[in-house]
Amino acid sequence: MNATMCSVGRFLASPRGLVLILFLLAPTAFFALGGGKWLSLEAFAAHRDQLHGYAQSHFWLFFVGWGLLYAAVVAFSLPGGALLSLATGFLFGRWLGTVLIVVSASLGATAVFSAARYLFADAARQRLERNPTAVRLLSGFGRDAASYLLFLRLVPVFPFWLVNLAPAFAPVPASTYLWTTVVGILPGSFVFANLGQSLGDIRSLQGLISAEVLISLGLLGLLALLPVGLRRFGWSRTLIAQRQEDKR
């Protein structure tokens, strides 16, 4: 028992243990302190004028602070990302707001990706490598990581926190993860920043994005998968040609 406790204590005092504690305590503190009430449409509507006034009088301080808040929400997978995106467009305009959303969300996503890989990737990979199907899936994902990640980022169907975490357990270079995040979230970020300029008229976060926008993002996602399809088509043709040669 003492040996186990000592082992746990050593782990919690290690850098890996401290990272784990941080990523467990932050969401716990957020919900315990009623963070969900503050990151709500009602709370923003009540303090909208104050926030806008502060953004005007202390622009760069507020700009950097807001970006850090956004990055923290993404890094700790907290609810409220959609509202923050709209509020960013309202406070800073469509163009500067888009830049801030992309930079902050990319930093937050890279932080949770790096933390998950640092904490769990080795153990998860060892377990997955025992399954031949999982090995093939991971190998295929790693080979075409850029196309798959762009698809996941562009198509607003998959939860943002899940897309942030899942690649940590696949053979995806951090540089590929970062640039595909920046490029992949750019269209959606602009849509939200643009919508945010009329945030005062928005009464619900449901159904904000029109069907036309969703279809357009879906088509962009399919376009990102085009290199994978062409490569698979080329392999299929090569295999067919080889089989025909063998029959001769």
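**View 1. Helices α5 and α6 cross in a left-handed sense.** In this predicted model, α5 passes α6 in a left-handed crossing. The two helices pack at an angle of about 165°, and their axes are 11 Å apart. Angles over 145 degrees count as roughly antiparallel, and α5 and α6 are therefore described as roughly antiparallel to each other. On the α5 side the meeting residues are Phe59, Phe62, Phe63, Trp66, Leu69, Tyr70 and Val73, and on the α6 side they are Gly81, Leu84, Ser85, Ala87, Thr88, Leu91 and Phe92.

**View 2. Helix α5 is shown along its length.** The 17 residues of α5 should span 24 Å at 1.5 Å a residue, and the C-alpha atoms at its ends are 24 Å apart, which agrees. Buried residues of this helix are Phe62, Phe63, Trp66, Gly67, Tyr70, Ala71, Val73, Val74 and Ala75. Just after α5, Ser77 takes a positive phi of about 55°.

**View 3. Helices α4 and α6 cross in a right-handed sense.** The crossing in which α4 passes α6 is right-handed, and the contact is made by Leu41, Phe44, Arg48, Leu51, His52 and Ala55 of α4 together with Leu83, Ala87, Phe90, Leu91 and Phe92 of α6. The packing angle is about 30°, with the axes of α4 and α6 10 Å apart. Because angles under 35 degrees count as roughly parallel, α4 and α6 are roughly parallel to each other.

View 4. Phe92, leaving aside its neighbours within four places in sequence, is in contact with Ala55, Phe59, Phe62, Phe63, Trp66, Gly97 and Leu100.

View 5. The buried residues of α9 are Ala145, Ser147, Leu149, Leu150, Phe151, Arg153 and Leu154. Thr181, which lies in helix α11, has a relative accessible area of 0% and is therefore buried. When residues up to four places away in sequence are not counted, Thr181 touches Ser106, Ala109 and Arg153.

View 6. Phe31 is placed in helix α2 (residues 15–32), and because its relative accessibility is 53%, it counts as exposed. Phe31 and Pro79 are 48 residues apart in sequence, while their C-alpha atoms are 10.0 Å apart in space.

**View 7. The close-ups are set in the context of the protein chain.** The protein chain contains 13 helices and zero strands. Of its 248 residues, 35% are buried. Among contacts between residues at least 6 apart in sequence, 78% join residues at least 24 apart.

Technical notes:
Residues are numbered from 1 along each chain as its sequence is written. This is a predicted model: local features need pLDDT of at least 70, side-chain atom pairs count only at pLDDT 80 or more; totals for chains, interfaces and linings use all residues. Side-chain values use heavy atoms; hydrogens and water are left out. Contact means heavy atoms within 4.5 Å. Helices (H or I, at least four residues) and strands (E, at least two) are DSSP runs, numbered from the N terminus. The expected span of a helix is 1.5 Å times one less than its number of residues. Buried means under 20% relative accessible area, exposed over 50%, partly exposed in between (1.4 Å probe, protein chains only). Axes are lines fitted to C-alpha atoms, for helices over the stretch in contact, and angles run from 0 to 180 degrees between N-to-C directions. Angles under 35 degrees count as roughly parallel, over 145 as roughly antiparallel, 65 to 115 as roughly perpendicular and the rest as oblique. A crossing is left-handed if the near helix is turned anticlockwise from the far one by less than a right angle, and right-handed if clockwise.
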